[in-house]
Amino acid sequence: MKIEEMYKQKRPLISFEIFPPKRAEQLKNIDETLEILCGLKPDYISVTFGAGGSSVNSKTVELAKKIKYDYGIEPVVHLTCLNYSKDEISAILDELKNADIQNVLALRGDYNPDIPRKYDFNYASELAAFIKTQGDFDVAGGCYPEKHLEAPDIVTDIHNLKKKVDAGVGHLISQLFFDNDLYYDFLEKLKIADINVPVSAGIMPVINKAQIERMVSLCGASLPEKFARITHKYENNKEALFDAGMVYAINQVVELLTHDVDGIHLYTMNNPRVAKRLCDGIKNII
Ligand code: FAD
């Protein structure tokens, strides 16, 4: 089922994000992870896509098929476009059509100095428009409550986001954030810009210190004082940091739900314990 149809039937949608394991032996373990994640009955599971290299990205489609056919959960396939030609994207879309997978998250991807870029696409909006010409796909897009790192300011970024929605993106999934007030403020700005599609809130429970540092440098999410105190106090106690990180994320989600958000998108990091703890924490609320 298309995600836009799901949004017509219920809100909030609860979704998980996973990545295809890089090594073959990890692919075997993915069943254990999927068993638990799919058992939690999310509305959909999205599968990330690499910057380049057909072997890694064929695993994205393989994993999406597994989610759909072995576990009966709707998959969303991420596609990035900086390193791909129209013909290559077309071939992937044909594979998705053959597998009856209709949901795609259209992304630009990041510039990677090690992978030569191709010039058929410059922005995710161009990919979204192209996907729409290739079949009956539901196209989602990414958005950034604290602006995309390359954007000069949030107003410019939201103007660009509007182009993406006008190109056919029917709903958005946000970059992770740790401060709900920034998210509510972002939603207000979207309304002013006449962006009225559903937006799912990206939540990543932080359960280890290295992950926090990597995430913040990669996506520019700001860390509220309350959050920094938790990570500082428990950084050397793995289990305590797990508990504290999960409590923080669950509080964030509960507050978002009380604000009637359209969706919660959980970056699971392929860690079923994270998804299980979060779902247990909100099972009587959703
Ligand atoms: P765009 O929407 O194209 O925006 C990129 C930048 O260009 C922004 O600064 C924007 O303001 C600007 N811009 C857009 N349109 C225009 C225009 N017409 N003129 C001028 N400037 C413009 N990366 C992966 O490699 N694989 C994944 O699976 C993946 N999954 C993701 C999932 C989510 C939910 C999110 C939020 C991000 C994900 N990313 C993934 C990261 C993403 O690829 C990067 O953040 C990338 O830098 C931007 O992608 P985008 O689709 O948001 O780009």
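Guide: Start with a charge over a ring: arginine 273 lies over the face of phenylalanine 242, 3.8 Å from the ring centre. Keep in mind throughout that this is a predicted model.

Next come the rings that pair with each other. A pair of aromatic rings is described by two values, the distance of the centres and the angle of the planes. There are five aromatic pairs in the structure. One of them joins phenylalanine 49 and tyrosine 84, with 5.3 Å from centre to centre and 50 degrees between the planes. Phenylalanine 49 sits in the loop between β2 (44-47) and α3 (54-69), while tyrosine 84 sits in the loop between β3 (74-80) and α4 (86-98), so the pair ties together parts 35 residues apart in sequence. Buried means under 20% relative accessibility. Phenylalanine 49, at 9%, therefore counts as buried, and tyrosine 84, at 7%, counts as buried for that reason too.

Phenylalanine 227 and tyrosine 248 form another pair, this one edge-to-face, with 4.9 Å between the centres and 75 degrees between the planes. Here the partners come from helices: phenylalanine 227 from α9 (residues 225-234) and tyrosine 248 from α10 (residues 238-258), so the pair ties together parts that are 21 residues apart in sequence. Both of these residues are buried. Phe178 joins them, as ring pairs link Phe178, Phe227 and Tyr248 into a cluster.

Phenylalanine 49 leads on to the ligand. The ligand is surrounded by 22 residues, and Phe49 is among the closest, along with Asp110, Tyr144, Asp157 and Lys164. By class, this shell has nine nonpolar, eight polar and five charged residues. At least two residues each come from β3, β4 (103-107), α6 (154-166) and β6 (171-176). The largest share, four residues, is supplied by α6.

In histidine 78, an N or O atom of the side chain is 2.9 Å from a ligand oxygen. Alanine 124 uses its backbone instead, with an N or O atom 2.8 Å from an oxygen of the ligand. For histidine 148, a polar side-chain atom lies 2.8 Å from a ligand oxygen. Taken alone, the ligand exposes 970 Å², of which the protein buries 84%.

Technical notes: Residues numbered from 1 in each chain as written. Predicted model: local features only at pLDDT ≥ 70, side-chain atom pairs only at ≥ 80, totals over all residues. Heavy atoms only, no water. Phe/Tyr/Trp six-rings, centres within 6.5 Å; stacked < 30°, edge-to-face > 60°. Buried < 20%, exposed > 50% of the residue type's maximum accessible area, 1.4 Å probe, protein only. Lys NZ or Arg CZ within 6 Å of the ring centre and 35° of its normal. Near = heavy atom within 4 Å. Polar contact = N/O pair within 3.5 Å; in protein donor to acceptor, adjacent residues only side chain to side chain. Areas by Shrake-Rupley, 256 points an atom, 1.4 Å probe, with all protein chains shown as cover. Nonpolar A, V, L, I, M, F, W, Y, C, P; charged D, E, K, R; others polar.
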